[in-house]
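Colleague: I am new to reading protein models, and I would like to learn it feature by feature. Could you take me through this one slowly?

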There are 2 protein chains.
Amino acid sequence: MNVGVLGCGNVGAALVSLINEQRPAILARTGIDLNIKAVAVRSLSRERSVAVDAALLTTDAHGMVNDPGIDLVVEVIGGIEPARELILEALKASKPVVTANKELLANFGSELFAAADTSGVDLLFEAAVGGGIPIIRPLRESLAAEDITRVMGIVNGTTNFILTRMSEDGIGYADALAEAQNLGYAERDPTADVEGYDAGAKAAIIATIAFGGRVVAGDVYHEGISGITEVDIAFAERLGYVIKLLAIAERFDDGSVAVRVHPAMVSETHPLASVRDSFNAVFVEGRAVGELMFYGRGAGGFPTASAVLGDVVDAAANLAKGTHASIGSFGRCELRSLDDLRSAFYVNLTVDDAPGVLAAVAGAFGRHAVSIHSMEQVLLEDKESGLAKLIFITHHAREADLRATLGEIRQLQAVSSIGSVIRVISEAEGRS
Amino acid sequence: MNVGVLGCGNVGAALVSLINEQRPAILARTGIDLNIKAVAVRSLSRERSVAVDAALLTTDAHGMVNDPGIDLVVEVIGGIEPARELILEALKASKPVVTANKELLANFGSELFAAADTSGVDLLFEAAVGGGIPIIRPLRESLAAEDITRVMGIVNGTTNFILTRMSEDGIGYADALAEAQNLGYAERDPTADVEGYDAGAKAAIIATIAFGGRVVAGDVYHEGISGITEVDIAFAERLGYVIKLLAIAERFDDGSVAVRVHPAMVSETHPLASVRDSFNAVFVEGRAVGELMFYGRGAGGFPTASAVLGDVVDAAANLAKGTHASIGSFGRCELRSLDDLRSAFYVNLTVDDAPGVLAAVAGAFGRHAVSIHSMEQVLLEDKESGLAKLIFITHHAREADLRATLGEIRQLQAVSSIGSVIRVISEAEGRS
């Protein structure tokens, strides 16, 4: 079974090394003899994290994909083009494709799925979400008959590292980000990670597989973590919560679906709360199965290559048997507007330390039917300022109502600023 | 696709209800129309946890298995016979079988696998380990190419419930067990759970799948939790550990394998430490993928039925395509003797509160090359007794050396008793 690999970055180089190392074990175990025949790269001279036999390298990606001697194609270039074009060429030539490309799948997944279905070959993508964690296959196969109601994932290791450092070591966002950049966890331009775009692409893929309906990256609402302050972290801890950036895909009783990425307060006893550092985890709730969680390394060359290789073995076995995994064709998911979602909220206000202010603020909540679960008033350390902090946790409320409340609060003379507004995840939410 | 179900206890009844409920969704998603044609029971009149249409019930299990109108057989009777005989009949008739029967697989797995291979049909058993948690399929498929070095599982919900109550609520073993019995988590005779037999069967199955070599229940060393005291729990907490009953399957560099079940001290920052109550989790360590954890409900009618149904859909899809999952034929695993395993140990001694005693005890450790990581001396509350407690944590030591040390310590006049000896799990153990 001759494999052609598109791309030789961290994941590609790790994959080549892993296949060479595991080839005899895979052959003994599955009867499949995997041979890396070529690795397409942009430049032959670039240094690689793991040494790759120079004789395998080629700069002719199209030639490699269309070489009749290549049976199966792995795409680990990333980004939209030329990955999309090359994958389509491979599928049209009836070659199974394994990809780790979340961005491409989240934007052009249905085109690729259709091409794979037409050719009757596999398009597998375990590594696109959660790196080395088996999550796509369990959702597609093990849970094929499960009525999944909600999936909540910590699917971006960079932001989880930053939030863990802020929570456990009391450092600020800027310092934690700088540390993540120094360690190579965060890019020079961290936008894709810290503003939730990366997690949003993964959320779209998770929703598509979990609910069997198409969701694309553009459907996903996202908020990042750059506004989270040390005050929020400290309050969360005092209230028994940990702040995590969650990708949440949920399906309601009417069949509509909502997919979003935002920071959330998670109870410290929730399994997601103990997911630390750059680890990822995906928490699944289903009507029959109850709660499941899948935990592991969400990035890194070897963990990701491990997931790619699992798919390669599966696709090769299917090719040898003349079968393929059925992806199914997905209709579009009906999306529920963010306005209509409900959750509890943490709201952090800075107000004048004066009589009547709390009543005015509470009145604004009340007029928009947002009921308050708990409130705490804290004097600022700088007492000269004449300011105080009001920290509210609301009961479940509609997003639109909370937003209207905040709009009204913003107009109040006594309110000097609205700080963070963070959704609070509860263990059993209404789904009506 | 006509399904015959053997057994209608909690899992069987939940499965019938789940298939009836999910039938249209499964058909829409996979094109497979699952119809429960018959349910074989011992008694037609027994009350069931979930109502089952009486017209489906039959007491003729053999007749049902051999009925040409039945395409696929689900076995949820449990125990060795008649389950073994009925599964073999079904496989011989080229009918795929889905089973949740850990005891049968851990003792007669190779006979069943061979029968399935001979007939070229599926024998799937996701629900046999970890109830609703997808773990067998990820090990078999997603991690098919991964060099797995160790799997550690909390695979018995009853004992995890008992240990959680002891740790979090400070109650003793007997009271926690009684509570588990009242809640229906533990049997009247709790031996299979609390002495580690149930976990041992699951450990044998995990080792077989993870390492691709046959391990049977009788190969598994086991110790239960009935000797764990409140003192051990309190010391564990003070030292930063949580006590869990772990099923551990590991493979060493020479290819030998060790499989065991025993209580273990797990660092409170380890993902397994946060698995509470009756939840299960399986923690997998692989050379490329790093650390993975699979978490969820390890028992209960609906979670288990969900895993069974996932297998049923898969087996039905394979049957329709004329293919089947390859199990592979397993040679026997070479087992490493317990004597040669290494870990750190917690040792709790009651000794005379007199000069020279610590030196005598420390001398015994030293003579057997067991080096001490930390020691704490605690006076008993009853000061009149003249006794003190010595709590040791050792560095990594061979089991045989530790046992020899304890043998010598037991002979010392000043030692009044040896309390618990509990292995301490470290994050990176030597594997030589």
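Modeller: Let us begin with the domains, whose bounds come from an automatic or database domain assignment: the centres of domain 1 and domain 3 of chain A, taken over C-alpha atoms, are 51 Å apart. This is a predicted model, in which local features need pLDDT of at least 70 and side-chain atom pairs count only at pLDDT 80 or more, while totals for chains, interfaces and linings use all residues. Residues are numbered from 1 along each chain as its sequence is written, with chains lettered from A and ligands numbered from 1 in the order in which they are written.

Colleague: Into which domains is chain A divided?

Modeller: Chain A has domain 1 (2-132 + 301-332), domain 2 (141-296) and domain 3 (338-424).

Colleague: Where is the kink in α4(A) centred?

Modeller: The bend at a residue is the angle between axes fitted to the seven residues ending there and the seven starting there; in α4(A) a kink of about 90° is centred on A:F108. After α4(A) comes A:G120, with a positive phi near 65°.

Notes
Helices (H or I, at least four residues) and strands (E, at least two) are DSSP runs, numbered from the N terminus.
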